[in-house]
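Hello,

Here is the structure I promised to pass on to you. My notes on what turned up in it follow below.

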Amino acid sequence: MGKVLGLTEDVTARLASTQWGNWGSEISGRQIEQAGLDAANPMVDRAVRMATRLLGFPRHLSQHVGGFVLTQGRLDETVPIGNAAMAERTFIEWDKDDIDALGLMKVDVLALGMLTCIRKAFDLMKAHSGVEHDLASVPPEEPQVYDMLCRGQSIGVFQVESRAQINMLPRLRPREFYDLVIQVAIVRPGPIQGDMVHPYLRRRNGVEEVHYPPPGRLYGPPDELKQVLHRTLGVPLFQEQAMKVAMVAARFTDAEANGLRKAMGTFRGDGTLHTYEDRMVGRMIARGYDPDFARRCFEQIKGFGSYGFPESHAASFARLVYVSSWIKYRHPAAFACALLNSQPMGFYAPAQIVREAQEVGGVEVRPIDVSHSDWDNSLEGPADAPVLRLGLRQIDGFREDWANALSAARAVAPFVDIETLARRAELPAAGMRKLADADAFRSLGQDRREALWAVRRLPGDDPLPLFAAAEARERGARELGAEPDAHLPLMPLGEHVAADYQTARLSLKAHPIAILRPVFAADRVLTCAETEARRGGSIVRVAGVVLVRQRPGKGNAVFVTLEDETGITNVVLWARMLDQYRREIMGARLMQVEGVVEKSPEGVVHVVARRVIDRSAELSRLSEDHEADIQLARADVVANPQPPRRPSHRHPRDVRILPGSRDFH
């Protein structure tokens with residue numbers, strides 16, 4: 001809307017950044033002023049009012065990634081078939097509702113990035129260690145794999161890597177495959193809104209007796225729900241169970257149950273769900289069921305309208321949970337390498353994937369280097385203890401064809417200096433500068449600053465005739481005359497770290513907060529590890545770079561994960577604080593939080609925030625020339641894209657501190 005009305009990109013981005021999630025709400029004058037704009041400006045006011053009117057409209061129309069439509073006769077005699085943009089792909093112009101109305105059979109094919117990651121991990125394991133596996137041959141039910149999950153060490157693991165899932169793992173403590181099925185399904189709006197999570201956990205941990213709510217004596221056997229709910233200890237967690245409860249306890253007919261299914265369809269119900277509430281709850285109460293249980297069952301059904309898992313779906317996903325967990329535990333280097341090579345996917349940025357591999361998997365990680373790195377991240381070293389070598393794909397803006405040219409030239413003979421590399425690989429000046437900026441010439445005896453100096457001496461992409469003639473000389477001839485040592489000053493560690501994050505989105509040299517620790521120590525700010533060790537109820541002050549901000553749905557809390565050199569801290573901010581600290585919560589890249597430590601019986605630690613301070617400006621202490629571009633966790637960026645969070649005093653073309661927020665709503 002801002003673009004249509006002629007607002008500049010930075011003004012539109014500031015307005016959009018005041019909104020949390022894509023469901024939208026009114027944008028108040030205070031929010032506009034917090035974005036650094038004049039709420040009385042008629043153009044801004046018009047843009048806000050018109051954008052508000054669009055809330056609730058379809059966001060987009062899209063073509064499914066793949067699937068089948070089956071008919072008895074020829075499909076092209078039933079519906080026109082068009083050619084898709086992708087080669088050898090076709091589509092029909094009817095949507096899923098049209099197909100359903102006509103009674104045609106439709107089979108969807110879903111794409112999962114984790115399947116690509118697992119395939120790449122299997123290939124790496126086979127190529128480097130000679131270990132050959134597929135999805136069916138992974139050894140089942142290994143206790144050590146479940147031990148890892150119970151510790152919450154699941155970064156990178158399919159479906160259970162969000163902060164909510166990581167916090168649930170020590171509470172649910174999965175010990176077998178069906179536990180993973182439940183783990184996948186339980187952290188969803190359906191069970192949460194239906195208040196089914198805590199009863200299940202209490203029963204699982206032996207705190208509460210397993211009980212199957214009975215109907216009245218005159219209306220059926222007391223255990224009529226046992227067959228429906230016995231695997232989940234009397235608590236409905238899956239979509240099928242909610243449907244079966246309606247059929248068994250409320251005596252829904254097949255037609256009524258099918259209507260209920262359509263009404264609670266994920267993302268796009270038919271708007272009639274409310275018409276079933278009195279029918280289901282009333283019938284259950286009339287048959288003698290506890291009214292609270294009846295209402296919770298329907299609240300769960302309403303939650304499934306936001307998102308809920310059928311048991312079959314959860315079981316399929318649980319298989320990938322176990323396989324990815326097994327690879328992470330048994331082959332951590334291959335797992336991290338495959339994750340990096342499958343980006344963008346998953347919940348976390350490359351920096352967190354690498355850190356998890358180092359700290360949890362004990363993997364040695366080696367930096368990007370022109371003498372060793374290919375386009376993809378790779379494994380090297382002994383077969384029984386592989387080392388992860390970062391690939392050229394990690395360099396922001398470096399092209400795959402440049403990497404292939406470099407690898408091909410290196411295969412002929414090793415590089416001896418920067419000039420030889422540039423000539424033999426025929427890399428453009430831009431590619432050479434990116435390699436130097438990424439500190440990729442260490443094996444040639446030059447660090448980042450020396451390499452940048454040397455690269456600037458190279459001829460440009462269109463060399464003068466003198467240099468063109470030099471190209472014709474025999475291989476190995478020197479093009480440039482010798483130059484005396486420039487005696488460049490050593491680059492400070494902070495500047496190296498900032499440049500690493502700016503060019504490769506991670507650093508193996510140090511964590512930014514480790515360099516800034518004296519600044520925070522002077523303010524009596526604790527490390528994440530020190531915060532974790534404090535007793536429940538302690539008032540603490542903690543700071544870290546922001547990994548991810550989460551606000552599930554229109555929830556009453558905002559969850560923020562902070563990271564420093566010692567670990568992470570999970571922060572809870574009640575939604576009422578959002579208006580007071582909106583700018584800090586949504587804009588801070590380095591955040592300081594003051595609050596109270598809360599510890600669960602399972603040892604899960606949160607800091608309940610009382611005050612939030614944006615300390616992003618401290619990142620400028622690292623370097624005057626490079627800005628620390630620390631990437632946030634991916635979260636659900638596809639389903640809920642967020643505008644870039646930009647400091648109000650900078651133009652968007654100048655901002656290169658941190659990538660756009662990867663928040664989950």
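Of the 665 residues in the protein, 49% are buried (under 20% relative accessible area, with exposed meaning over 50% and partly exposed in between; 1.4 Å probe, protein chains only). Please keep in mind that this is a predicted model, in which local features need pLDDT of at least 70 and side-chain atom pairs count only at pLDDT 80 or more, while totals for chains, interfaces and linings use all residues. Residues are numbered from 1 along each chain as its sequence is written, and side-chain values use heavy atoms, leaving out hydrogens and water.

The protein has 28 helices and twelve strands (DSSP runs numbered from the N terminus: H or I of at least four residues for helices, E of at least two for strands).

Ten of the twelve residues in β8 are buried. Strand β8 pairs in the antiparallel sense with β11 (residues 590–599) over seven bridges, where pairing requires at least two DSSP bridges between the strands. In that pairing, I539 stands opposite V596. Strand β8 also runs antiparallel to β9 (residues 557–564), with five bridges, and here Q550 faces F559.

Now for the charges. There are 38 salt bridges in the structure (a side-chain nitrogen of Lys or Arg within 4 Å of a carboxyl oxygen of Asp or Glu).

- E495 and R449 meet at 3.3 Å, N to O. They join helix α24 to helix α22 across 46 residues, and both are buried.
- D564 and R517 meet at 3.2 Å, N to O. This pair connects strand β9 with helix α25, 47 residues apart, and both partners are buried.
- R615 and D523 meet at 2.9 Å, N to O. R615 lies in the segment after β12 and D523 in the loop between α25 and α26, 92 residues apart. R615 counts as buried because its relative accessibility is 12%, whereas D523, at 32%, is partly exposed.

Salt bridges also link D439, R442, R448, D500 and K509 in a network.

Finally, the rings. The structure holds seven aromatic pairs (Phe, Tyr or Trp rings, the six-membered one for Trp, with centres within 6.5 Å; planes under 30 degrees apart are stacked, over 60 edge-to-face, the rest tilted). One of them is F398 with W402: the centres are 5.3 Å apart and the planes at 75 degrees, so this pair is edge-to-face. Both residues, F398 and W402, are buried.

Happy browsing!
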